[in-house]
Each structure stands twice: as structure tokens, then as C-alpha cells.
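This report describes the open sheet, the pockets and the cavities of one protein model. The structure is shown below.

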Amino acid sequence: MTQHTPAGLPEKIQHFIDGALVDSIGGETFDVLNPVTNETYIQAAAGQHADIDAAVAAAKRAFDEGPWPKMLPRERSRVLHRIADIVESRDAQLAELESFDSGLPITQAKGQARRAAENFRFFADLIVAQHDDAFQVPGRQMNYVNRKPIGVAGLITPWNTPFMLESWKLGPALATGNTVVLKPAEFTPLSASLWAEIFRAAGVPDGVFNLVNGLGEAAGDALVKHPDVPLISFTGESSTGQLIFANAAPHLKGLSMELGGKSPAVVFADADLDSAIDATVFGVFSLNGERCTAGSRILVQRDIYDEFVERYAERAKNVVVGEPSDPATEVGALVHPEHYDKVMSYVEIGKQEGRLVAGGGRPEGFERGNYVAPTVFADVSPDARIFQEEIFGPVVAITPFDTDEDALALANHTKYGLAAYIWTSDLKRAHNFSQSVEAGMVWLNSNNVRDLRTPFGGVKASGLGHEGGYRSIDFYTDQQAVHITLNEAHSPKFGAGK
Ligand code: NAD
């Protein structure tokens, strides 16, 4: 199989610190692999403590002395709109690079670039419409909220839809006047390297945006532990989140945590079965199954269980696995051989734990690269590892249930609580189930489509705090309460004698 290589690949991937593209101070690099061949296609600068120190110092200088935090919201908003314009105009190039680096199907990578632009536009609009609270006690006191950027925000992101997820943090962090150090995922540093050029062209002052590539244990760790970084916004695995929590604790940092998931898709017998099948197939196999909100546990009411499993397996067998740059491809190559090994180990575990009805290994005709056939296990028991643990690949577990109570108990029977999808034509059941399901986000008779104003985040092991809309503004700002007396200050006269 021949692979399309995008035009304009850089020679190497560098950091971007204080407005300049630079190598690591000590010259360290790491290999970046092409997921289709697993050959190294480029070297990226591997940030160490010293590189993070340099980036944080630049960001702190830009915050303390530069114009960015003091600019009027409208002025920052204009810059953010320019960023969105540039991202949109580079949609095709961005999607090509993203698909090449991550193995995501090209058609799905295109949507990510548009969404990334939208994230900037959204916060550009929100920041000028932002109003803050004021409270009056007539004749006595006036109180108002003074909203201020916090300082240097550390942004740490994962490799699934990397560019889009970076934009999700960059948009609100910059809109609110903070300066940032971004540490993108080491499996997929390519698209992040475009930010430098985009921000420069949009007129972001030097030092406001800094990018340090590198491994989590080195660059990420140094960022989390840096005393001049009061905020960390992290998206990644729950276990990494736990470690970051502990490492940030001595500094009492502000933390926003978007973590893993094992989300249920619950299909009741009264559901529109055609729509439910379309959505649940897409829900776990889109983005190669490397999706935090994937509906990777499908719970199906027993009356329709056999029919559902049969139709679902048929569809999964027909999902088109292919070269990521081919527009016909529905599932591409997983991001990295380490991740491929992890997903494949779950496929083997699943063969002991469930009934394999589709896939089950490397698809035919794909001798190299990180390809996994869309894999479906039926009759999976709730204590099975493939029911409990996040696989993050094109692998799904299907389990039957009888009553609403059974469905709820099964849906809640994991440590995660990111999303839930409910398929039923009974309105009361849909709303009551949503109320009781332990999930940060619920979609009723719907695929995962999100309005940017809504809260995004998980409960239980899926995260801490909610971003999305004004909640992101809250995370990236301090709200200082200012109190003014409108009358005499009636202070008890301590020390004034009689
Ligand atoms: P990961 O936790 O391995 O890595 C995420 C980022 O953290 C990377 O940049 C990595 O270098 C960095 N990192 C690793 N160790 C670190 C440390 N000790 N200190 C500081 N930084 C460190 O996650 P991943 O494998 O890149 O991404 C997949 C995970 O992300 C899945 O669990 C998925 O569910 C989750 N995810 C969640 C959401 C959400 O919004 N809830 C969205 C996308 C992905």
C-alpha cells in the first residue's frame, strides 16, 4: 500500500519560546513515528527542565511586562478572530498533517481543523460579551467583581485530535489575558508546530504563546512542578491525572482535569433501532476509537439484543479500514505501536471474556502499521476487564439488560463517568435515566454533538471541574471581590477608650 506524504513537512520539530523557534538547550530530541509504517519520519526537540524554565520565564515576562493581559477584551478578541481565520484558511493542510502524524482518517481530521477555528471564534466573542457581577446594598455598600487573568497557564494535551484539543485550551486561556506554555503529546507533535506561525501571523506578542515539546515525564513534569505556573489544564489518562494532582498539590495550583472514559450507550427496546445502530457504530469507531467520549460499552435491552448484536457485527465488519489519507477510510491506523500493543492486548483479553462477533485482530491485507480491525465482543459480563477499562481503540463490548434499573446499574458500574448515550422513544424514561446516570454529559437519541456553550467534563475518575463556555473563563481568571462603603465606615473603635 502506498502512502501519501503531505507537502511541506518541516525538517525537524522545534520548541517555540519567546517568539523564536529553538532546539532544546541541551540538544535532546525524540523520534516521531509514522503510524502507517512505524518508521521515524522526523525528530522533535525533547524539552527538559531547562527548556521549560526558559518558556515559563518568557511567558511570565510577557504577563508581567507585556501588553497582552492589559489589552481591552475587544483588542484580544480581534487577534483571536485572526487566529481562527488563519486556521480555517489552512484547513486542508492542517488536516493532512494531522492525519499523517496521528493516523486519523483524513475526512475526520478535516472536521477537527474547523472545530479548532471555532474554539477561537467562540472565546473571542465570549470575552467581549463577558459581564461580571455587581451587588448593591442600597445606601450602604456596593460590591463588584474584578476579573483578572491569573498568569502563566500550563496546558498539557493528549494525542487524540491533538490540534483541536490544544485549541480548546489555548482559546480561553489566551482570550482571558493569560500567557501560556503548551506541552503537546509526544506521539503527535506535528500539528502543534503550526501554532507558532499562526500566532505570529495573527499578531500575538512574543512570549504570550510558548510551546515546549517532549515527554510527559520530563517536559510535562517540569511544567506541572514549576512554581511560576499557577494553573494547569490537563487532558489525558486518569492515571496521569492522579500523578499531576499529587505533583501540583505542594504548589496549590488551579487544576482542570479532563480524563478517561468508558461511556455507556444504552439502547432500549423502544429505540429507533436504525438510528441507534448508526450512532453507536460511529460512536466507537470514529477517530479510530481513540475518543474520550466513545460509547465503548453498549447496553442493549434483551428483547432486541440478538437482532442488535447481529446487525451491529455486520456493520462493524463492513467498516472501511484503510490508509489515513484515503477519503474512503473510516478507520485508519492507531497512533503509535505502544498504543497498538495495548489495544491488541485487550482484543486478546476480550476473547477470554466475551463472544467475538467481529474483527479480533489485524485486518487482512495490512501487514504493517498500527491497524486493528473494528472489533465487537458480545455477552460481556460487567466485571470483565473489557467492560471496565478504557481501551481507546476500535473495540466495543455489548452487554444485555432487562429492566431500567438493570440498565442504570450497569451504566454506572465503572470508575469512569464522562459521557452516556441513551436511545429510547420514551420521554420520561430518557430524562429520568439522564438524571440518575453518573456521567458529566448525556446525549439523548443523539450522537456526540456539542454546543460550545455547554459544560464539558466528567465525574468520578473522568475528571475534575468543567470547562466549556463561561466555565472556561472562570477557570482561567481570578474573580476579585471589591467592596465599597457608601456610608460611614462603622468600625468598632478599638483602642479609642471611652
Ligand atoms: P496521557 O495521560 O498519557 O498523556 C497526556 C499528556 O500528558 C501528554 O502530553 C503527556 O506527555 C503528558 N504527561 C504524561 N505524563 C506526565 C506527567 N507525569 N506530568 C505531566 N505531564 C505528563 O494520555 P494520552 O494517552 O496522550 O491520551 C489519551 C487519554 O486522554 C485517554 O485516557 C482519553 O480518554 C483522555 N482524553 C480525555 C478527554 C476529555 O476531555 N476527558 C479528551 C481527550 C482524551
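In what order do the seven strands of the open sheet run? The order is E14-E15-E16-E13-E12-E17-E18, and the pairing is mixed. The model is predicted, so local features need pLDDT of at least 70 and side-chain atom pairs count only at pLDDT 80 or more, while totals for chains, interfaces and linings use all residues. Residues are numbered from 1 along each chain as its sequence is written, and side-chain values use heavy atoms, with hydrogens and water left out.

**Sheet**

Helices (H or I, at least four residues) and strands (E, at least two) are DSSP runs, numbered from the N terminus. Two strands pair if DSSP finds at least two bridges between them. Strand E14 (355-358) and strand E18 (441-444) are at the edges with a single partner strand each, so one side of each has no neighbour in the sheet. On average, neighbouring strands of this sheet are turned by 20° against each other, direction ignored. Strand E12 (residues 264-267) and strand E17 (residues 419-423) run parallel and are joined by three bridges. Val267 is opposite Trp423 in E17.

Helix H10 (residues 302-318) packs on the sheet, where it touches E12, strand E13 (297-301), E14, strand E15 (375-378) and strand E16 (395-401). Contact means heavy atoms within 4.5 Å. The direction of H10 makes about 140° with that of E13; axes are lines fitted to C-alpha atoms, for helices over the stretch in contact, and angles run from 0 to 180 degrees between N-to-C directions. H11 lies across E14, E15 and E16 and runs at about 30° to E15.

**Pockets and cavities**

On a 1 Å grid over the protein atoms alone, a cavity is a set of points where a 1.4 Å probe fits but cannot get out, and a pocket is an open set with protein on both sides within 12 Å along at least five of seven lines; lining residues have an atom within 4 Å of a point. Grid points are joined across faces, edges and corners, and a volume is the space filled by probe spheres set on the points.

| Space | Volume | Lining residues |
|---|---|---|
| Largest pocket | about 850 Å³ | 33 residues |
| Second largest pocket | about 610 Å³ | 26 residues |
| Largest cavity | about 80 Å³ | 13 residues |

The largest pocket has a volume of about 850 Å³. Closest to its centre are Trp159, Glu186, Phe234, Glu237 and Thr240. Helix H7 (216-224), strand E10 (231-235), helix H8 (238-248) and helix H11 (337-353) are the elements that give two or more residues to this lining. By class, the lining has 13 nonpolar, eleven polar and nine charged residues; Ala, Val, Leu, Ile, Met, Phe, Trp, Tyr, Cys and Pro count as nonpolar, Asp, Glu, Lys and Arg as charged, and the others, Gly among them, as polar. Domain 1 (15-259 + 458-482) and domain 2 (264-444) each supply at least three residues to the lining of the largest pocket; domain bounds come from an automatic or database domain assignment.

In the second largest pocket, Gln112, Arg115, Met164, Arg291 and Asn448 lie nearest the centre. Helix H4 (106-129) and helix H5 (162-175) each give two or more residues to that lining, and the largest share, eight residues, comes from H4. The lining of the second largest pocket holds eleven nonpolar, twelve polar and three charged residues.

Eight cavities of 30 Å³ or more are found in the whole structure. Ala294, Ser296, Glu390, Ile391 and Phe392 lie nearest the centre of the largest cavity.
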